[in-house]
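The structure is shown first.

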Amino acid sequence: MVKQWKYILPLGAAILLLIGALWAGSQISGKRIQPTQAGVPVATSDEINLMARLIAAEAGGEPYEGQVAVGAVVLNRVRSPLFPPTISGVIYEPWAFESVHNGLIWRVTDLTTATSAAIDALNGWDPTYGALFFWNPAKPVSPWVWTRTIITQIGRHIFAR
Amino acid sequence: MNYKKWTSWAFFLLLLAAISWGFWERANRMALVHAVEGSGQRDFYNLLSQVEQGEVSLGKALVSSSQAQLAALLTQASNQAAGAQSSLSQLPTPGINLISTRKFLAQTADYCQYLAQKVARGQSLSQEEIQNLSRLRQEMGRLAADLHNIEGQVAARAIKWSSFYSLHMPSLPRTIAWLKARPVQSTPHPLEGFVNTDRHLQTLPSLNYDGPFSDHLEKARPLGLAAHVVDQPTAEKNALKFANDASGTTYRITGVNPVNGRIPCFGISLADEKRPGRQARIDVSRQGGHIISFLNPRPVEAPAIDIKSAQERAIAFLKAQGFPDMVPTYTVAQGSTQIFTFAARERDIILYPDQVKVKVALDNGEIVGFDATPFFMAHHNRDLPAPRISAKEVTAKLKPHLKVEGIRLALIPTGGGREVLTYEVSTKLDAERYLIYFNALTGEEEKIMKIIDVPGGQLTM
């Protein structure tokens with residue numbers, strides 16, 4: 001019994017170190033910085049990943065154009081005087097997005113469609129033609145947002161300016 | 001007997017563990033509370049100081065008699081207003097939208113920037129612009145006074161930034177008889193000061209100038225749509241014709257949603273009849289029945305055709321859809337698809353505002369994406385003047401160490417939506433390529449864009 005205990009401790013430490021090394025290695029991104037087309041805000045690959053996380057967290061089960069629309073709302077906010085002038089500024093603005101507030105943005109794992117949606121939004125596709133707000137009418141939301149001009153509904157989200 | 005002793009000891013230890021865990025959690029939470037409190041205080045005091053400094057810079061700009069000083073002061077004011085907007089948007093103010101305050105600060109920053117550039121070019125400010133600056137200075141002063149009032153509350157710790165992040169106990173039902181009904185909260189909401197300031201700033205008159213935050217851009221109307229309005233059946237017919245052409249298949253309409261954005265459209269969802277499970281989305285404008293955008297998110301296989309054939313497909317597709325002479329300008333790869341950007345051409349002038357994007361799948365040459373929003377916003381019959389400067393004069397202005405690779409006429413948009421006729425000079429500095437735009441009427445340098453080569457295309461910055 002004592003002999004086995006002697007080995008378990010260093011073995012456990014070794015496993016922890018291995019996990020730590022793998023996790024640290026995954027943090028180092030090998031992607032290059034990629035600005036987008038003229039006229040659209042310049043985004044680094046980290047921002048594409050950030051936008052994809054937001055899209056996956058906010059519009060995970062939505063149709064593809066709904067996901068592109070959420071990305072387009074973020075970019076419309078960047079270009080608007082009413083919101084911060086950078087992508088991370090818009091996404092991390094306190095209380096702007098529920099999934100940042102409750103941590104869902106860090107827990108999403110499946111980012112394949114969300115990444116394509118983010119890149120399409122960065123390349124200029126905007127199914128909402130200028131929306132600055134979106135919300136799910138079935139969930140509780142500030143009554144003020146209903147006073148904005150409603151543009152359209154895609155899937156479960158209403159988009160407004 | 002033994003068993004009982006063991007269980008009571010176990011319960012006692014469990015209780016001890018639970019209580020110490022509670023204390024540990026609280027200690028952690030208090031550390032976070034102090035961190036959040038600290039950053040809230042920092043952002044508030046930054047906001048206050050930047051607004052005050054912005055007001056002072058604007059005041060100095062209004063009394064300065066030197067052009068150089070004026071440009072520097074306006075730039076300073078612009079930076080301070082932009083910094084103030086940034087600090088303001090980091091304050092946790094849940095349930096309240098300080099949108100008008102943010103808009104005011106962003107517009108002030110942008111307007112001062114625009115005027116600073118104007119002064120740097122040697123032009124003087126007009127009467128209206130001086131009046132606008134004076135008005136902006138007054139409002140900044142008023143905002144600073146309001147923030148000082150709020151600061152009193154912040155210093156007295158009546159506003160706790162961290163409190164906005166804590167969970168609140170649900171309110172007890174009023175039917176519990178033995179609890180006296182509590183009076184409605186008569187103390188003002190801690191952030192009421194901000195709300196009043198914001199309400200006042202909503203009432204400011206609109207600011208129109210040549211910059212991206214000008215109010216006139218809110219009212220931009222699409223110029224390229226035909227005059228007649230189409231009904232839904234016609235829109236559906238146009239949609240199916242376009243989508244079937246683009247994808248080489250037959251689609252079925254699964255839903256139509258009205259879109260009341262910048263270009264009012266029918267947002268039509270399509271399902272592929274030949275390849276079940278595939279869906280696409282197409283937007284048809286209500287005025288004119290034009291296809292504004294099309295997106296087919298199907299997974300694309302490994303590339304089988306090269307970029308040149310893909311470009312030819314895109315050009316042929318645009319011609320078939322009735323677009324006028326379109327010139328390919330930029331291209332970029334996205335996975336196994338290629339996005340081509342086209343600009344319209346009038347005589348020998350490239351019209352950059354009239355842009356169409358086509359996304360071609362490189363596995364079979366299908367069109368999987370199309371976006372003509374900028375085209376239909378900007379395309380119209382323009383009476384373009386003849387250039388007053390010759391191409392030779394323009395190239396003579398360039399720095400001697402630049403290598404000129406080409407020169408052509410181009411119409412470019414400014415930040416405020418104006419259009420300027422320019423000469424687009426393609427130059428090379430060592431291994432880097434730059435596009436320099438010179439005004440074709442005045443010869444002034446309007447804009448410089450750097451071309452960045454990425455695998456599969458180029459991008460500009």
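## Basis

This is a predicted model, in which local features need pLDDT of at least 70, side-chain atom pairs count only at pLDDT 80 or more, and totals for chains, interfaces and linings use all residues. Residues are numbered from 1 along each chain as its sequence is written, while chains are lettered from A and ligands numbered from 1 in the order in which they are written.

## Fold of chain A

Chain A holds seven helices and three strands. Helices (H or I, at least four residues) and strands (E, at least two) are DSSP runs numbered from the N terminus. Along the sequence the pattern is α-α-α-α-α-α-α-β-β-β.

Chain A has 161 residues, of which 42% are buried (20 or more other C-beta atoms within 10 Å of the residue's own, with C-beta atoms placed from the backbone). Taking contacts in chain A between residues at least 6 apart in sequence, 63% link residues at least 24 apart; a contact means that the C-beta atoms, placed from the backbone, lie within 7 Å.

## Sheet of chain A

The three strands make an open antiparallel sheet, ordered E1-E3-E2 in chain A. Its edge strands are E1 (133-135) and E2 (150-154) of chain A, each pairing on one side only; strands pair if DSSP finds at least two bridges between them. On average, neighbouring strands of this sheet are turned by 20° against each other, direction ignored (the axes are lines fitted to C-alpha atoms).

E2(A) is joined by four bridges to the antiparallel strand E3 (residues 157-160) of chain A. A:Thr152 lies opposite A:Phe159 in E3(A).

## Hairpin in chain B

In chain B, strand E12 (residues 445-454) and strand E13 (residues 457-460) run antiparallel and are joined by four bridges. B:Ile451 has B:Thr460 in E13(B) as its bridge partner.

E12(B) and E13(B) form a hairpin with two residues between them. B:Gly456, in the turn, has a positive phi of about 95°.

## Contact between chains A and B

The contact takes 36 residues from chain A and 42 residues from chain B. On the side of chain A that touches chain B, helix H3 (64-78), helix H7 (112-122) and E2 of chain A are the elements giving two or more residues. E2(A) gives the most to this side, with four residues.

By class, the residues on this side of chain A are 19 nonpolar, twelve polar and five charged. Nonpolar covers Ala, Val, Leu, Ile, Met, Phe, Trp, Tyr, Cys and Pro, charged covers Asp, Glu, Lys and Arg, and the others, Gly among them, count as polar.

Notes
Axes fitted to C-alpha atoms, helices over the stretch in contact; angles between N-to-C directions. Buried ≥ 20, exposed ≤ 12 C-beta atoms within 10 Å, placed from the backbone. Contact = placed C-beta atoms within 7 Å.
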